[in-house]
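Please look over the sequence and the model shown below.

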Amino acid sequence: MTSRLRLYNRVALLMALAALAAAVALPFLGFAPNRLLSGRPVPLWATVQGLGGAAALLPGLVLLATPFLRPTRFGLGLTVAAGGLFTAGLVWLAGAQAAALAQGASAAARTSFASGFWVMAAAGLLAAVDAARRLGLGAVGRMAVGAAIAGLVALQLVSGHLDALSILKEYANRREVFADAVLRHALLVAAALVPTLLIGLPLGVAAHRVQAVGRAVFPILNVVQTVPSIALFGLLMAPLAALGAMLPGSGISGVGPLPAVIALTLYSLLPIVRNTAVGLDGVPAPVREAARGMGLTPRQIFLRVDLPLALPVFLSGLRITVVQAVGLAAVAALIGAGGLGAIMFQGLFANALDLVLLGAVPVILLAVAADALLSIGIAAATHRIGVLPGRSAP
Amino acid sequence: MTVAGMAPREFLTDRLILGLVALVALVLGMPSLKPLFATLYPGLDRPLYEAESFVRLTLDHMALVGISSLAAILLGGGAGIAVTRPWGREFRGLLETVATMGQTFPPVAVLALAVPVMGFGPEPALIALTLYALLPVVENTVAGLDGVPAPVLDSARGLGMGPAEMLFRVELPLAAPVILAGVRTAVIINVGTAAIASTVGAKTLGLPIIVGLNGSNQAYVIQGALIVAALAVVIDAGFDRLAIWLARWSQH
């Protein structure tokens, strides 16, 4: 190795090489006469037309150079920017190419992302994520980077630049259904959270105070957590259907949102109860004693000492619960609960792959967004404890 | 705790043995419950799922979970070992980030996304299950190897052990309980995802449930759900037993 060119970042090198290999060897887009036929591959080089196309790929060239940059703030910052802009640029190229292909084709023609796009986009994102970590960015900083990249893609989405891509054509056909599905999906998760918190919080406090409660509750919740979601939905169907038949007019039924919310609640209880109990268990005894010494009543100690100190652990339980519930709500579409899972499974059953994407991608985005928001909450709650006086180091 | 060493009463209340008996009875005996389902659901022409035998579906289900989990253990364990060696340390942050971020992706969405990339059938299910199972295995392998106390490593080095000997005789045995916990998480998730994989063309225990849901045949749904739930509980109990054995073994 010469002294002039030195490799500083092997992760960025791997990502750059993966992107390069995908650009050369894999199809970037697929173009099909209609949504049921599989498309002919469109390589990346065929999509680069004019100055705009070349500019969109410029961050990719920078990415190839970043492994050899000194790991200074500037070098790593450039890697973050190059990775993020490369991914956003790929999306822009795909949108532009889809619009160009649509001009000479029938309205049924479809342009979809192909494997090369996914590999390159993932490589760009991972290079950015790793460089952000090397920069020493905290949870909030990393999320800001993620939000900036997501914003660049969202801007293209809103401006209509991506409208010719097949996933957006599916969206255009189902604009209202899609909006309803997103809302319903979020409502299912929220509806399950209400009984989960009403039951789970007192149960968690009880498990913290009385050991016997924990010994009785946790094995049951553990078994529930083990049972596959589709089986639990199925097993709830029969008793609920029987109950509905016994109480006509009550609206109880074996399918629809009710069994979904019950099953989601059952799954959600374990992380909430466990983390409430563990969080309270973790409050140092000297802190409680100090509060008692200061003349606080048991009630004040619970509200002003126990709860804030247990909050970060409780919030990470809430994060597990919400992220898990977003995925489970998608499965609940199989028992007629609606939501984004309904779009996804409709696509799977009808062999309409763009429809599958229209359902599955927002499910992932919802889960990632919920995870990010609650992570910020956890960071804030932890930070608050950090400045609390009397916090004894373990 | 060996079966031979158990008192009769212990034998009768053991979760693993009870679960296994229930599972085998359900899988083999479901056809003989046909009259029961016919009575419960008099409106159904076909009260028993007979398109495939439950034995076949159970074996296929276990094969899908077993192969994907084994692949995930080899790949994820290997990656976890690699990033905790000096030469692989640079990739550790990236691998951990991917493992943490990836686990926020719902398994059902990962499964669905495998179809546009790979088409229908057991192969996309196998790939999706393997990818998803990798994440907890990687996470726990790294955490487990990380948790090996430095003084232990120093004394192993002092005894003249080479890197490979240290890995296999000191680090992996000490990390085994944590790695096993990751494998357990992965396998339990995979049992459930494999059931949903019936919607992408893999024939598993989810098939009677999906067919039953689409054709309003509640008997099919119950038959599939009971067996897949029993399978999950048995596998979980098996991991419990394995963890106890491992804890005893590593104490020696």
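## A buried glutamine

Gln223(B) counts as buried because its relative accessibility is 0%, where buried means under 20% relative accessible area, exposed means over 50% and partly exposed lies in between, with a 1.4 Å probe and protein chains only. Gln223(B) is found in helix α11 of chain B, helices being DSSP runs of H or I of at least four residues and strands runs of E of at least two, numbered from the N terminus. When its neighbours within four places in sequence are left aside, Gln223(B) is in contact with Met30(B), Phe37(B), Pro47(B), Leu48(B), Tyr49(B) and Phe54(B), contact being heavy atoms within 4.5 Å.

This is a predicted model, in which local features need pLDDT of at least 70 and side-chain atom pairs count only at pLDDT 80 or more, while totals for chains, interfaces and linings use all residues. Residues are numbered from 1 along each chain as its sequence is written, chains are lettered from A and ligands numbered from 1 in the order in which they are written, and side-chain values use heavy atoms, with hydrogens and water left out.

## Nonpolar cores

The largest nonpolar core holds 157 residues, of which Phe28(A), Leu90(A) and Met120(A) touch the most other members; such a core is a set of buried Ala, Val, Leu, Ile, Met, Phe, Trp, Tyr and Cys residues joined through side-chain atoms within 4.5 Å. Helix α11 (residues 218–251) of chain B gives the largest share of this core, 16 residues. Apart from its neighbours within four places in sequence, Met120(A) is in contact with Ala19(A), Ala22(A), Ala23(A), Phe28(A), Leu44(A), Phe86(A) and Leu90(A). There is also a second, separate core of eight residues, which includes Val283(A), Ala291(A), Leu296(A) and Ile301(A).

## Where the chains meet

Between the chains, 44 residues of chain A are in contact with 40 residues of chain B. Chain A and chain B bury about 3,600 Å² between them, 81% of it on carbon and sulfur atoms, the buried area being the accessible area (1.4 Å probe) that two parts lose on being put together, summed over both.

The count of salt bridges between chain A and chain B is two, a salt bridge being a side-chain nitrogen of Lys or Arg within 4 Å of a carboxyl oxygen of Asp or Glu. One salt bridge joins Glu90(B) to Arg134(A), with the closest N and O atoms 3.2 Å apart. On the side of chain A that touches chain B, α15(A) gives the largest share, ten residues.

## Salt bridges in the whole structure

Over all chains, a search of the whole structure finds 21 salt bridges. Arg10(A), Asp130(A), Arg133(A), Arg134(A) and Glu90(B) are linked in a network of salt bridges. Arg174(A) pairs with Glu170(A) in a salt bridge whose closest N and O atoms are 2.8 Å apart; Arg174(A) is buried, with a relative accessible area of 14%, and Glu170(A) is buried, with a value of 0%.

In chain B, Asp236(B) and Arg184(B) meet through their side chains in a salt bridge (3.0 Å, N to O). This pair links distant parts of the chain, 52 residues apart, with Asp236(B) in helix α11 and Arg184(B) in helix α9 (residues 163–196) of chain B. Asp236(B) is buried at a relative accessible area of 9%, whereas Arg184(B) is partly exposed at 21%.
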